[in-house]
Amino acid sequence: APDAMAPSTEFVLRFFVPSKKGTRFSAEIRDAAGKSVATVRDLAISDDRGSLSLLCRRHAFASGNYTLAVTEMGGNGDQALFSFHL
C-alpha cells in the first residue's frame, strides 16, 4: 500500500522507468475511479538512469489514491503504472 504524503502546496512525483537519455514519455494522473485528472505530454529522460519528475499543485488534487500512468511516446504503447496517496 502506498504511504500517505504530507500536505503542502506542491509536491514532486519522481519516478524511474527503464529507458535511456532522450527517450520521451507522456504521463497521466488518474484518480481512484480511473478518471484522468492531469496529463503531461513530452517528458524527456535527462539522465542515464531513466528518472523523470513532475511538479504538481496540491490544490488540484483531492485527498485519496491516484495512479500515475507513464507511456513512451512512439513506443509500443506499454504503460508503467505508479500508485500514490495524498
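Tutor: Let us begin with a single residue, bearing in mind that the model is predicted. S26 has a relative accessibility of 18%, and because the cut-off for a buried residue is under 20%, S26 counts as buried.

Student: Where does S26 lie, and which residues does S26 touch when those up to four places away in sequence are not counted?

Tutor: S26 belongs to strand 2. Leaving out residues up to four places away in sequence, its contacts include V40, R41 and D42. The rest of the list is made up of A69, V70, T71 and M73.

Student: What is the strand order of the open sheet of four strands?

Tutor: Strand 2 pairs with strand 5 in the antiparallel sense over seven bridges, and strand 5 pairs with strand 6 (residues 79-85), again antiparallel and over seven bridges. Strand 3 and strand 6 each have a single partner strand and stand at the edges, so one side of each is left without a neighbour in the sheet. The twist averages 20° from one strand to the next. The pairing in this open sheet is antiparallel, and the order of its four strands is 3-2-5-6.

Student: Which residue in the turn between strand 5 and strand 6 has a positive phi?

Tutor: T71 stands opposite Q79 in strand 6. Strand 5 and strand 6 form a hairpin with six residues between them, and the turn residue with a positive phi, of about 80°, is G74.

Student: How many residues apart in sequence are the parts that the salt bridge between R24 and D42 ties together?

Tutor: The side chains of R24 and D42 meet at 3.4 Å, N to O. At 41% relative accessibility R24 is partly exposed, and D42, at 43%, is partly exposed as well. R24 lies in strand 2 (residues 24-31) and D42 in strand 3 (residues 36-44), so the parts that this pair ties together are separated in sequence by 18 residues.

Student: How many salt bridges does the structure hold?

Tutor: Besides the pair of R24 and D42, R30 forms a salt bridge with E28, with the closest N and O atoms 2.9 Å apart. D47 and R49 form another, at 3.3 Å between the closest N and O atoms; here D47 is buried, with a relative accessible area of 17%, whereas R49 is exposed at 55%. The number of salt bridges in the structure is four.

Student: Which residues touch the most other members of the largest nonpolar core?

Tutor: Strand 1 (10-16), strand 2, strand 4 (51-57) and strand 5 (65-72) are the elements that give two or more residues to this core. L13 has contacts beyond its neighbours within four places in sequence, among them I29, L52, L54, L68 and F84. Of the 18 residues in the core, those that touch the most other members are L13, F15 and L68.

Student: How many Å apart in space are V12 and L55, C-alpha to C-alpha?

Tutor: V12 has its place in strand 1, and, not counting residues up to four places away in sequence, V12 touches S53, L54 and L55. V12 and L55 are 43 residues apart in sequence, and their C-alpha to C-alpha distance is 4.6 Å.

Note on methods:
Residues are numbered from 1 along each chain as its sequence is written. This is a predicted model: local features need pLDDT of at least 70, side-chain atom pairs count only at pLDDT 80 or more; totals for chains, interfaces and linings use all residues. Side-chain values use heavy atoms; hydrogens and water are left out. Buried means under 20% relative accessible area, exposed over 50%, partly exposed in between (1.4 Å probe, protein chains only). A nonpolar core is a set of buried Ala, Val, Leu, Ile, Met, Phe, Trp, Tyr and Cys residues joined through side-chain atoms within 4.5 Å. Contact means heavy atoms within 4.5 Å. Two strands pair if DSSP finds at least two bridges between them. Axes are lines fitted to C-alpha atoms, for helices over the stretch in contact, and angles run from 0 to 180 degrees between N-to-C directions.
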